[in-house]
Amino acid sequence: MTFIGIIITYTLVQNLVLVDLLGLYPYVNVTRKFSSAAGIGAAMIIVMSLATLLTWVMYHLVLLPLGITFLQILTFLLITVGLVQFLEMIAKWSAGALHRAVGAYLPLLTVNSAVLGIALIAVNANYSAFGSLLAGFSAGAGFLLVTVVMAAIRERLDLEWIPKPFRGIPIAFISAGLMAMAFLGFDASFLRNLLG
Amino acid sequence: MMSRNTLSEDFMKGIVRENPIFMTLLGLCPAIAVSDKVSSALGMGAAVAIVLIATNLTVSILKEFIQGKVRTIAHVAIIATFSTVVNLLMHAYLPALYAALGLYAQLIAVNCIIIDRANSFAQENSAGRSVVDAIGMGIGFTLALTLIALVREVLGHGTITLFPAAGWNGTVVVPGLGTAPIKVLGLSAGAFLVFGYLKAMFNAYRMRTTSGERADMKSGQTA
């Protein structure tokens, strides 16, 4: 797949949240305010890009040559947990704009299905090292896109009257369902027409 | 130890009051993606329950050695080990189910309910109570996921897929809906919609049983 194809696939066509239903926990819990949605989206881009790159290195340079690919869940998880804790340390140490922007959201990504999900998807698709990095970055960008749109919807929903049982989580999920239907417009034929 | 919960309360809370899918939402992701067929939901439920029981037992036995900074990483390593074992067993003995679950079989390792039970229950309780807690949570998880799958499959595909038995292919076709299903409910959008409406239904039921204000406050907390 071309690099442009990878970008469009993971931001729009195969959006991790709306199509693969991964990373739902931050998606519904951190999208009450626009600023927190942007913060977790930015954190997700950093974590996913580095995680897919590191897991590519692990898979192709260690697991595959040694023939121990059955250890991929264990090693990939330990890599993502270590990576997030390392990033937290850097964010704390820098104590500047980076800490204010993404520091508070990093712990939420320690054990996250979307991060491990894109790492496994990239390995299964057999991308090159740069392709994996790009897939991770695009999946993070797709996550940022849907969380920001979701936060915008929820800030407007706060002004509306909603029947009591639907308040909070249920209306958020129904909005997400409608958004997922809209994203069905970005399918494989859309990609083929766009790239020729 | 400090709490005076009995064993039956440990068991029942996972099924209703702290149901991992409808009440705490912790088991939701990434399991809801395999709720398009009843058979996959049951398989996913069983696989998660096995990992949950094994993890809770191991963590509660090793809790003296797992302290401080290594806590998260130790829990993650234990969970990943058991999910690898379950994955390999499924691949060897239930290849059809393994293929149906696909990527999500591997993602059992990041199901929030497992790490939450290890961290908040098994780390503080005896082995026996931790296993009872895990069994209750596993059953509550399986029941809730199967309910979502039942609604989605009946309305979205017009069928109910169970496991093939002697001389029966394992699929029930619902009359009427089998030929003209509401296709969108079988897609990922349907998972969001069905969960949203079911959760609203549970909220309405809780508001009717408990006093209205308290139920509203509680649903606000989990939100």
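This is a predicted model: local features need pLDDT of at least 70, side-chain atom pairs count only at pLDDT 80 or more; totals for chains, interfaces and linings use all residues.

In it, 42 residues of chain B are in contact with 43 residues of chain A. Between chain B and chain A an area of about 3,700 Å² is buried, and carbon and sulfur atoms give 79% of it. The count of salt bridges between chain B and chain A is zero. Three residue pairs are in polar contact across this interface, both residues being at pLDDT 80 or more. On the side of chain B that touches chain A, two or more residues come from each of helix 2 (28-31), helix 4 (71-93), helix 6 (103-106), helix 9 (188-209) and helix 10 (212-222) of chain B. Helix 9 of chain B has the largest share of that side, 13 residues.

The second largest pocket has a volume of about 420 Å³. Its lining is made of 20 residues, and P107(A), T110(A), V111(A), C112(B) and I115(B) lie nearest the centre of the pocket. At least two lining residues each are supplied by helix 2 (24-29) of chain A and by helix 4 and helix 7 (112-122) of chain B. Helix 7 of chain B gives the most to this lining, with five residues.

The table lists both sets of residues by class.

Note on methods
Residues are numbered from 1 along each chain as its sequence is written. Chains are lettered from A and ligands numbered from 1 in the order in which they are written. Side-chain values use heavy atoms; hydrogens and water are left out. Contact means heavy atoms within 4.5 Å. Buried area is the accessible area (1.4 Å probe) that two parts lose on being put together, summed over both. A salt bridge is a side-chain nitrogen of Lys or Arg within 4 Å of a carboxyl oxygen of Asp or Glu. A polar contact is a pair of N or O atoms within 3.5 Å; within protein, one must be able to donate a hydrogen and the other to accept it, and residues adjacent in sequence count only if both atoms are side-chain atoms. Helices (H or I, at least four residues) and strands (E, at least two) are DSSP runs, numbered from the N terminus. On a 1 Å grid over the protein atoms alone, a cavity is a set of points where a 1.4 Å probe fits but cannot get out, and a pocket is an open set with protein on both sides within 12 Å along at least five of seven lines; lining residues have an atom within 4 Å of a point. Grid points are joined across faces, edges and corners, and a volume is the space filled by probe spheres set on the points.
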